[in-house]
Amino acid sequence: MGTFHQNKSELHGITVVVDTAGPEIYVGRCDDMDDTRVILLDVDVHRDGDNGSSKDEYVRKAAQFGVWKKHDQLVLDRAQVTSVRRLSEF
Amino acid sequence: MYSPLLVKPMRDELTAVGFEELMSADDVDRWVGNQEGTALLVINSVCGCAAGTARPGVRLALDNATKPDRLGTVFAGQEAEATAQARAAIPQVPPSSPSMALFKNGELVHFVPRHRIEGHSVEQVAANLVNAFEEHCA
């Protein structure tokens, strides 16, 4: 049974970790991305140091079971994004 | 919501191998309330990005000699009440679909969230489950 989502980026439908040059790091399902933006669905955001957790600690915990979403959708400026990786890599 | 006709083959992929469809909150309560032995709950979904390997992965895993005593499934995006009740039964994990929860004597002992399914092969999904079956269902 194939996907119903055509003409999207390679990471469409994949839960990704989007790190930024700032303190924020995002985990959400990639809807689409290009040279200018990354569109995430069902997104959680963590700020480095929040709740005593570094970005790395937050991602390790997220990789176990997933995240509780804070936003239905976020559109991130690609210029602020330093990496986009699959959550399952962690 | 997708057409029932479109969804039916996705339901059949699981019911054909012995899954009980839990269509209401009461169905879920009854199924989860039976705390004897081992039980696998699959939160099914339409999205082909992950569910397209989830269902075949589950089917392949069930070829293993050691497997859960009971099989149940709810369909996210189709039976909203049943799905919400199923998620309420595993409050320690964030909502995720498709996903799979393995219970032993009523306790959640293994969970496969969506991000452990999407982008993985059928064999990888099955291996994840088989490892859990061998650990908890033997």
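Author: Two strands pair if DSSP finds at least two bridges between them. Strands (E, at least two residues) and helices (H or I, at least four residues) are themselves DSSP runs, numbered from the N terminus. As a general point, strands of a sheet pair through backbone hydrogen bonds, either parallel or antiparallel.

The model is predicted: local features need pLDDT of at least 70, side-chain atom pairs count only at pLDDT 80 or more, and totals for chains, interfaces and linings use all residues. Residues are numbered from 1 along each chain as its sequence is written, while chains are lettered from A and ligands numbered from 1 in the order in which they are written.

In chain A, five strands form an open sheet in the order β4-β3-β2-β1-β5, with antiparallel pairing. Its edge strands, β4 (71-77) and β5 (81-86) of chain A, each pair on one side only. From one strand to the next, the twist averages 40°. Within the sheet, β2 (residues 24-33) and β3 (residues 37-47) of chain A pair in the antiparallel sense over eight bridges; Tyr26(A) stands opposite Val45(A) in β3(A).

Along the sequence the pattern of chain A is β-β-β-α-β-β, that is, one helix and five strands. That helix, α1 (residues 55-65) of chain A, lies across β1 (15-20), β2 and β3 of chain A and runs at about 50° to β2(A). Here axes are lines fitted to C-alpha atoms, for helices over the stretch in contact, and angles run from 0 to 180 degrees between N-to-C directions. Two residues are in contact if their C-beta atoms, placed from the backbone, lie within 7 Å.

As to overall form, the C-alpha atoms of chain A fill a box of roughly 40 × 30 × 20 Å along the principal axes. The radius of gyration is taken over C-alpha atoms, and the globule rule is 2.2 Å times the number of residues to the power 0.38. For 90 residues a compact globule would have a value near 12 Å, and chain A, at 13 Å, agrees with this. Of the contacts in chain A with a separation of 6 or more, 58% join residues 24 or more positions apart. Buried residues make up 30% of its 90 residues; a residue is buried if 20 or more other C-beta atoms lie within 10 Å of its own, exposed if 12 or fewer, and partly exposed in between.

Chain A also meets chain B: 16 residues of chain A are in contact with 17 residues of chain B.

In chain B, helix α3 (residues 51-61) is mostly covered, with eight of its 11 residues buried. Among them are Gly57(B), Val58(B) and Ala61(B). The elements that cover the buried residues of α3(B) include α1 (4-15), β2 (38-44), β4 (99-104) and α5 of chain B. Leaving aside neighbours within four places in sequence, Leu129(B) is in contact with Gly57(B), Val58(B), Ala61(B), Met100(B) and Val112(B).

His136(B) is found in helix α5 of chain B. This residue counts as partly exposed because it has 17 C-beta neighbours inside 10 Å. Beyond four places in sequence, the contacts of His136(B) are Thr38(B), Leu102(B), Lys104(B), Val109(B) and His110(B).
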